[in-house]
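The exercises below are to be worked with the sequence and the coordinates at hand. Each task is followed by a solution in steps.

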Amino acid sequence: MRLDEVCEIQSGYTARGKLDESPGGIPALQLRDLNEAEDWDRVEPGRFELGEIRHRYFAGPGDVLFRSRGTNNTATVIPSDWPHLAAVILPLMLLKPDERIIRPAFLAWSINTPEAQRYLEKSIQGTALRMVPRQALGELQLDLPGLAEQDAILAAAKLADRSRNLETRAAELRYRLTGLQ
């Protein structure tokens with residue numbers, strides 16, 4: 001299935017000019033707010049004067065954010081315990097998955113697979129300011145198993161990540177213990 005068949009794709013809000021922080025402003029997420037570790041405990045939306053902004057630009061738990069610009073065009077899912085609702089600012093794209101057919105975490109995982117990343121890399125426009133076009137993202141083909149199989153794949157991926165982290169940590173400890181610092 002195509003990505004645009006399993007989720008709504010919304011470009012982030014286009015801010016006119018520099019964003020001015022304001023304690024009474026609208027909570028918003030920018031590309032720089034997201035970290036590679038996907039540590040959402042540390043993601044705190046800034047507050048900005050954005051004026052009138054439509055509801056479609058707001059993201060919350062269960063939504064997926066896609067980094068459309070830069071060298072890292074990956075997706076991250078907003079966890080169910082993230083306590084905010086925030087406007088999404090371009091170049092982030094907001095993906096709202098149809099949870100009857102795809103888990104949000106599976107959508108993000110699928111976009112981040114090497115195969116999907118190769119497809120997205122081929123679709124990039126620009127040289128100095130690299131960008132994945134919305135249309136190319138929507139045309140991304142996904143292998144879509146049933147929800148139970150999606151859950152199993154996500155559990156296996158989580159265990160593989162944990163194993164890699166433990167192996168890295170063990171190697172660091174062995175290095176320190178041998179006195180080769």
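## Exercise 1: a helix on a sheet

Helix α1 lies across β1, β5, β6 and β8, and it runs at about 165° to β6. The model is a predicted one.

**Task.** Describe the open sheet formed by four strands: in what order do the strands come, and which are the edge strands?

**Solution.** 
Step 1. The strand order is β1-β8-β5-β6, with antiparallel pairing.
Step 2. The edge strands, each pairing on one side only, are β1 (7-11) and β6 (75-77).
Step 3. From one strand to the next, the twist averages 25°.

## Exercise 2: the surroundings of α1

**Task.** Which residues of α1 are buried, and what covers them? Then describe how α1 and α2 pack.

**Solution.** 
Step 1. Buried here stands for under 20% relative accessible area. In α1, the buried residues are Pro 104, Phe 106, Leu 107, Ala 108, Ser 110 and Ile 111.
Step 2. Their cover includes the strands β1, β5, β6 and β8, and also the helices α2 and α4.
Step 3. Two packed helices are described by an angle and a distance, both taken between their axes. For α1 and α2 the angle is about 60° and the axes are 5 Å apart.
Step 4. The contact brings Ser 110, Ile 111 and Asn 112 of α1 together with Pro 114, Ala 116, Gln 117 and Leu 120 of α2. By class, these contact residues are four nonpolar, three polar and no charged.

## Exercise 3: the second largest pocket

**Task.** What is the volume of the second largest pocket, which residues line it, and which element gives the largest share of the lining?

**Solution.** 
Step 1. The space in this pocket comes to about 210 Å³.
Step 2. The lining consists of Phe 106, Trp 109, Ser 110, Thr 113, Glu 115, Ala 116, Leu 140, Gln 141, Leu 142, Asp 143 and Pro 145.
Step 3. The elements giving two or more residues to this lining are α1 (104-112) and α2 (114-123).
Step 4. The largest share, three residues, comes from α1.
Step 5. Sorted by class, the lining has six nonpolar, three polar and two charged residues.

## Exercise 4: two side chains

**Task.** Is Gln 150 buried or exposed? Is Glu 44 buried or exposed? Place each residue in the chain and give its surroundings.

**Solution.** 
Step 1. Gln 150 belongs to helix α4 (residues 147-177).
Step 2. Gln 150 counts as buried because its relative accessibility is 0%.
Step 3. Beyond its neighbours within four places in sequence, Gln 150 is in contact with Ile 101, Ile 102, Arg 103, Phe 106, Leu 144 and Pro 145.
Step 4. Glu 44 sits in the loop between β2 (21-29) and β3 (46-48).
Step 5. Glu 44 has a relative accessible area of 54%, so it is exposed.
Step 6. Glu 44 and Ala 86 are 42 residues apart along the chain, and their C-alpha atoms are separated by 9.6 Å.

## Exercise 5: the whole chain

**Task.** How many helices and strands are there, and what fraction of the residues counts as buried?

**Solution.** 
Step 1. The protein has four helices and eight strands. Read from the N terminus, the elements run β-β-β-β-β-β-β-β-α-α-α-α.
Step 2. The C-alpha trace spans about 60 × 40 × 35 Å along its principal axes.
Step 3. Of the 181 residues, 41% count as buried.
Step 4. Among contacts between residues at least 6 apart in sequence, 74% join residues at least 24 apart.

Notes: Residues are numbered from 1 along each chain as its sequence is written. This is a predicted model: local features need pLDDT of at least 70, side-chain atom pairs count only at pLDDT 80 or more; totals for chains, interfaces and linings use all residues. Side-chain values use heavy atoms; hydrogens and water are left out. On a 1 Å grid over the protein atoms alone, a cavity is a set of points where a 1.4 Å probe fits but cannot get out, and a pocket is an open set with protein on both sides within 12 Å along at least five of seven lines; lining residues have an atom within 4 Å of a point. Grid points are joined across faces, edges and corners, and a volume is the space filled by probe spheres set on the points. Ala, Val, Leu, Ile, Met, Phe, Trp, Tyr, Cys and Pro count as nonpolar, Asp, Glu, Lys and Arg as charged, and the others, Gly among them, as polar. Buried means under 20% relative accessible area, exposed over 50%, partly exposed in between (1.4 Å probe, protein chains only). Contact means heavy atoms within 4.5 Å. Two strands pair if DSSP finds at least two bridges between them. Axes are lines fitted to C-alpha atoms, for helices over the stretch in contact, and angles run from 0 to 180 degrees between N-to-C directions.
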